[in-house]
Amino acid sequence: MEALLATIIGVLAAVGIYLMLRLRTFPVILGLTFLSYAVNLFLFASGRLALNAAPIIGTAERYTDPLPQALVLTAIVISFGMTAVIMIMAVGGYLQAGHDRVDLDRDDEEPT
Amino acid sequence: MSLALIAALPFLGALLPGLTIRMGRTACAVSTGAVTLVALLLLASLAPAVLRGEVVQTRIDWLPALGLNANFMLDGLGLLFAGLILGIGLLIILYARFYLATSDPMGQFYSYLLLFQGAMLGIVLSDNILLLLVFWELTSLSSFLLIGYWKHLPEGRRGARMALAVTGGGGLAMIAGMLILGQIAGSYDLSVILTQKTAIQASPLYLPALILILAGAFTKSAQFPFHFWLPHAMAAPTPVSAYLHSATMVKAGIFLMARMWPVLSGTFEWFVIVSFTGLFTMLLGAKIALFKDDLKALLAYSTVSHLGLITMLLGFGTPEAAAVAIFHIVNHASFKAALFLTAGIVDHETHTRDLSRLGGLRRLMPVTFAIAAIASLSMAGIPPLNGFLSKEMMLGEAVHVAWPTPWLVGLAATIGALLSVAYSFRFLAHGFLGPLRSDYPRAPHDPAPGLWAAPAVLAALVVLIGLFPNLMSGWIVDAAATATTGTAILLHLSHWHGLAAPALWMSLAAIGGGLVVLGTYPRLRRLWDATPRPEAKRLYDGLIEPLAADARKLTSALHNGSFSRSLAIGLAAILAATAYAFFAAPYQPGSRAILAPDFVTLALGAVLLLAALATPFLHRNRLIALILTGVVGLLIAPLFALFSAPDLALTQVGVEVVTVLLMLLALNFLPKDTPAESAVPRRLRDAGIAALAGLGLGSLAYAMLTRAPAFPSISAFHLAQSKSGAGGTNAVNTIIVDFRGYDTFGEIIVLGIAALIIFALSETLLRNAAVSRRLARLPRTVESGDRHPVMFVVGTRLLLPMAMMVGVYIFLRGHNLPGGGFVAGLVFAIAYLLQYLASGYDWSHARQRFDQHVLIGWGVFVAALAGVGAWAFGLPFLTSGYTYLHLPPLDEFELATAAIFDLGVFLCVLGAVLLALASLSRLALKTGERPNVAAHDLEEAR
């Protein structure tokens with residue numbers, strides 16, 4: 001099981017990074033979403049894996065670590081907020097510039 | 001406490017001007033002045049104790065492990081400086097109200113000014129040298145903002161940058177010096193360090209520490225060879241120049257030397273470095289000042305010269321000389337601030353500061369002339385004004401110096417005084433005396449009292465201290481000098497020391513010589529203009545410009561505006577560092593017992609991996625890419641559930657649904673396909689980087705999963721306390737709403753702000769004409785004839801109350817079983833979103849009785865209320881309480897304040913999600929789509 005979860009984390013991160021290296025906003029945002037999945041799973045994994053040990057007092061003999069879960073829960077919600085913000089930025093960028101490339105055009109003004 | 005409050009007040013008050021500027025410029029100035037006045041009154045309330053010789057202290061532990069504590073102390077020296085900072089600050093605030101043009105953003109100005117004031121107060125009140133360093137750097141930063149206040153002026157920006165580079169650089173050196181000093185003394189508290197004179201001076205590190213600390217002080221106080229930044233900082237508005245260069249910024253270096261005087265002075269090294277730097281700076285500054293035509297430049301170099309004078313006195317190392325230095329600090333602050341302010345008035349009224357275009361102003365501006373005359377005569381050292389007193393005492397001290405030969409220092413000091421007389425008289429003679437002219441850029445006349453009131457107060461001080469020195473300033477100078485030197489000082493200030501005093505004759509020589517110099521000025525000026533001389537600014541530019549060019553080259557090499565390129569470079573760097581770290585240490589497999597895989601999990605994982613791996617290959621069709629993303633996200637939920645995290649599973653499902661909906665909505669306004677742009681090698685490179693990064697993260701996860709934690713988890717506490725302490729059996733929920741409630745509180749605020757950003761951005765987009773045109777031209781996708789299918793509409797409407805019931809259920813049980821405010825908020829949000837989806841934006845929006853902004857506001861408010869409620873019981877913020885109630889037909893149930901907090905979370909999540917999606921869908925209003933007001937209308941036949 002550990003190997004499976006580690007593989008999932010690695011694959012999700014790789015897919016996320018590959019998509020983030022694309023040149024258009026939409027795949028970059030999807031890539032970020034994939035990377036968030038990977039990171040959330042990674043943080044969750046820091047509590048180690050356990051079956052039938054939900055941290056609900058009185059329902060099991062031993063409990064898994066609740067702290068990473070609480071942190072990941074808030075992380076999931078925050079990543080939604082972040083995705084929403086960059087999504088509207090991407091839409092705004094496309095509507096204002098007429099294209100959705102993430103890189104500066106060569107003839108665009110050099111940042112000074 | 002009140003000491004820390006005095007230092008904190010200007011920082012807190014810096015928020016005020018930004019608000020009060022909406023009520024007008026006067027309200028803005030008054031509120032700023034009120035902040036300073038309150039701080040001044042607090043200081044005054046502590047003054048009697050300090051003047052009795054006590055040291056007022058406030059100790060707050062901040063980072064005791066680092067020796068960094070927010071310890072403050074107030075002794076005579078601190079009282080003098082804090083009084084100057086706040087007192088002159090008050091006058092500057094008054095002056096600036098009338099000086100700044102209506103086009104200048106006044107709120108910003110006062111905010112910067114208060115920030116700077118707070119930083120200065122921090123320096124003079126700190127009892128901890130690390131804390132002092134923090135404030136020291138803050139003065140560099142806030143003075144940067146003030147000097148560059150007129151952002152549209154290139155010389156303003158250059159001057160600000162130069163001041164920051166020089167004083168900031170000196171500050172860095174000083175950090176090193178202070179750390180050495182702290183190491184020698186064994187403490188970073190000034191009150192301890194000041195008692196360690198013998199240990200410090202005996203240490204082999206004394207000289208390096210001394211040089212480093214002096215580098216900080218000399219750069220700040222514009223001592224040679226760092227004097228050049230000060231005149232360039234004159235591009236600032238005049239109130240800033242008056243404040244920074246009379247009483248505050250440049251005096252910070254002087255203050256530091258005075259503060260450290262008991263432990264650093266008295267050695268030969270100190271004497272040579274400090275007094276001769278001061279002496280040379282005094283002569284150099286005075287000489288340059290004489291030949292400057294710009295009123296402010298003249299005053300700037302005269303400031304350099306007077307700072308040199310004070311530095312020299314501190315360098316002598318005798319308590320008497322130090323006391324004279326303190327006295328001159330007071331006098332210089334009063335007359336120099338008055339002079340800067342009058343220069344500002346002249347500039348304001350005539351629109352020039354050029355002495356060659358001025359003259360004859362005494363008849364046109366009698367009030368300004370009177371103030372300028374008093375202040376410049378004091379600067380020249382004419383009796384009975386206060387400048388005379390301290391200058392004569394300075395000459396008296398200089399005579400006593402016998403190294404390298406008797407009389408050399410005395411002679412040089414007399415020459416300095418002579419030059420000072422000459423430029424002071426020149427300021428007066430070329431600016432105000434002489435015949436009336438007809439070619440002023442603007443017809444000058446005295447300004448309104450608001451502008452001359454502040455310098456008039458200072459001029460009055462100049463006269464009063466001059467006439468009654470012991471009554472007006474003797475007590476505070478004595479207290480400050482006693483605190484500085486550690487020996488009881490009782491200065492006897494008087495104008496007449498008898499004919500035998502050499503200082504009298506030196507003074508007379510200086511005044512006579514000064515008049516001669518002024519008389520022969522045209523000839524001297526020709527000579528000066530003809531002699532080549534090194535320009536410090538050119539040397540500085542020669543040093544800085546190649547550095548800046550190299551930095552620019554490096555930056556553009558790393559970041560040429562291509563996001564993907566810089567991301568790839570960053571990733572490659574991280575990968576290289578990781579590889580190095582991995583191969584540098586031996587690897588051992590972990591020993592934690594692993595879980596046996598079962599078929600269902602493997603199948604789940606396989607589908608998830610398949611969907612994830614398919615995405616890079618299919619991602620050019622964006623709809624398919626989005627669906628695959630949704631599949632992956634949803635499949636993560638059962639993984640969470642399987643590995644004992646039911647709360648995460650619920651949240652993941654909810655968030656995944658709203659995320660996919662959001663992206664679908666956004667995709668409406670974006671191209672539906674991603675063109676194939678990168679060539680195959682580039683794609684292979686990206687795939688390589690991504691694969692390596694994935695391999696790294698996956699292996700790290702595996703290594704972590706197969707090992708037991710290095711330290712026992714702190715969760716044992718949470719598990720044990722969940723029921724008994726927080727009153728809930730769901731440990732994850734109790735952590736969120738109770739143990740780490742503060743985190744959650746911050747998080748819902750972030751979420752709310754994110755939603756507001758989205759709303760604000762979509763508003764700007766809607767108002768933008770170009771965007772509207774582009775929206776109207778967006779290719780409409782082929783839609784089915786049925787925009788709002790009846791089945792879907794009816795189904796979602798039936799679903800709404802049920803979904804709400806589920807939401808309420810999830811919310812209520814959250815404290816004890818999986819669920820809670822986050823999930824409940826998401827369930828509600830999805831139920832509403834379905835209405836939007838099925839029945840259209842207009843129909844649903846017309847029926848929505850609450851505003852999403854208000855919902856977010858209420859959420860944060862309710863959560864805050866739950867936190868503040870604890871105060872009523874004398875408990876810290878967000879302490880929760882609970883009790884059990886038994887109402888007859890119901891079973892016993894629990895009432896917890898954490899539930900109120902969770903309600904805030906719920907409202908905030910609901911409002912934020914709805915606002916984010918509603919904002920995006922509002923863009924559709926401009927696409928030419930017909931609004932639908934009826935329940936379910938049919939799209940016109942195509």
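Biologist: What volume does the largest cavity have?
Modeller: The largest cavity holds about 120 Å³, a cavity being grid points (1 Å spacing, protein atoms alone) where a 1.4 Å probe fits but cannot get out, with volume taken as the space filled by probe spheres on those points. This is a predicted model, with pLDDT of at least 70 needed for local features and 80 or more for side-chain atom pairs, while totals use all residues. Residues are numbered from 1 along each chain, chains are lettered from A, and side-chain values use heavy atoms.

Biologist: Which residues line the largest cavity?
Modeller: The lining (an atom within 4 Å of a point) includes Thr33(A), Tyr37(A), Phe80(A), Gln652(B) and Glu656(B). By class it has 4 nonpolar, 7 polar and 1 charged residues.

Biologist: And how much space is in the second largest cavity?
Modeller: The second largest cavity has about 100 Å³. Its lining comprises 3 nonpolar, 3 polar and 5 charged residues, and Arg22(A), His619(B) and Glu677(B) are among them.

Biologist: Arg22(A) again: which residues share its salt-bridge network?
Modeller: Arg22(A) is linked with Arg682(B), Arg685(B) and Asp686(B). A salt bridge needs a Lys or Arg side-chain nitrogen within 4 Å of an Asp or Glu carboxyl oxygen. Over all chains the count is 21.

Biologist: Switching to Glu763(B), what is its salt-bridge partner?
Modeller: Glu763(B) pairs with Arg767(B), their closest N and O atoms being 3.5 Å apart.

Biologist: Is Glu763(B) buried or exposed?
Modeller: Glu763(B) is buried at 18% relative accessibility, whereas Arg767(B) is exposed at 66%; buried means under 20%, exposed over 50%, and partly exposed in between (1.4 Å probe, protein chains only).

Conventions:
On a 1 Å grid over the protein atoms alone, a cavity is a set of points where a 1.4 Å probe fits but cannot get out, and a pocket is an open set with protein on both sides within 12 Å along at least five of seven lines; lining residues have an atom within 4 Å of a point. Ala, Val, Leu, Ile, Met, Phe, Trp, Tyr, Cys and Pro count as nonpolar, Asp, Glu, Lys and Arg as charged, and the others, Gly among them, as polar.
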